[in-house]
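Dear colleague,

Please find below the structure that I am handing over to you.

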Amino acid sequence: MNLASQFLLLREVNRVNINIQSVEEIVKQDVSLVHKLLKYINSPYLGIRNKVHNIRQAIALLGLNGTRNWVNLICLRDLSAEKPNELFIMLLVRAKLCEIVAAALKNPVLNSETAFLVGMLSLSDVILDQPMEHVVNELGLADEIKEALLYKKNPIGELLRMVIHYERGEWNGVRDWCGLNHFSERKLVDFYNEAVHCATEMTENMYQ
């Protein structure tokens, strides 16, 4: 699949009103995507006991948001092929840390799968060599995700800002967020190590 097709796939899968049937049709259009999805869902990383043999079964197990995030991940990996591999690793760590922290907060406003998506798309301007404003408009993202990526003002955007502070060693920003959210800084260290471990596993499984 060429880069133009990859971007079109990103735009299609991130439509606000997409449903499971639409995602299934998108995946089925590309044989390599079918192979990658089945390989991913049958990998030791996910720990699914019974083998998954078809797309509908795979999507049912991952759910709409899980499958959408997986398609985004595959497309961004391919689109970043010409960039240093460290960029994709950074993207994965960001996405996993956003997801893990959002789940731990148990805040109904913070959906962990949406947090993963925001973390994953937060480097799409670097990957695509385009301003983030252009990327979010081209992808047709939900307003909540746009606001998080562009302005970091809503809860998911504030979480992303904290993760970027952590990544850069800007500890005052991390402490401020932890204080406002009554979140343990020690737990954040553990979660970051977990995110790095998950990102390493995911990368190994994707490139096998």
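A search of the whole structure, which is a predicted model, finds four aromatic pairs (rings of Phe, Tyr and Trp, the last by its six-membered ring, with centres within 6.5 Å; planes under 30 degrees apart are stacked, over 60 edge-to-face, the rest tilted). Tyrosine 166 and tryptophan 171 make an edge-to-face pair, at 5.1 Å centre to centre and 85° between the planes. Tyrosine 166 also pairs with tyrosine 192; the centres are 4.8 Å apart and the planes stand at 35°, so this pair is tilted. The latter pair links distant parts of the chain, 26 residues apart: tyrosine 166 lies in helix α10 (residues 155–168) and tyrosine 192 in helix α12 (residues 185–207). Helices are DSSP runs of H or I with at least four residues, numbered from the N terminus.

Tyrosine 166 is buried, at 12% relative accessible area, whereas tryptophan 171 is partly exposed at 40%, as is tyrosine 192 at 28% (buried is under 20%, exposed over 50%, partly exposed in between, with a 1.4 Å probe and protein chains only).

Residues are numbered from 1 along each chain as its sequence is written. Local features need pLDDT of at least 70, side-chain atom pairs count only at pLDDT 80 or more, totals for chains, interfaces and linings use all residues, and side-chain values use heavy atoms, with hydrogens and water left out.

With kind regards

Technical notes: Helices (H or I, at least four residues) and strands (E, at least two) are DSSP runs, numbered from the N terminus.
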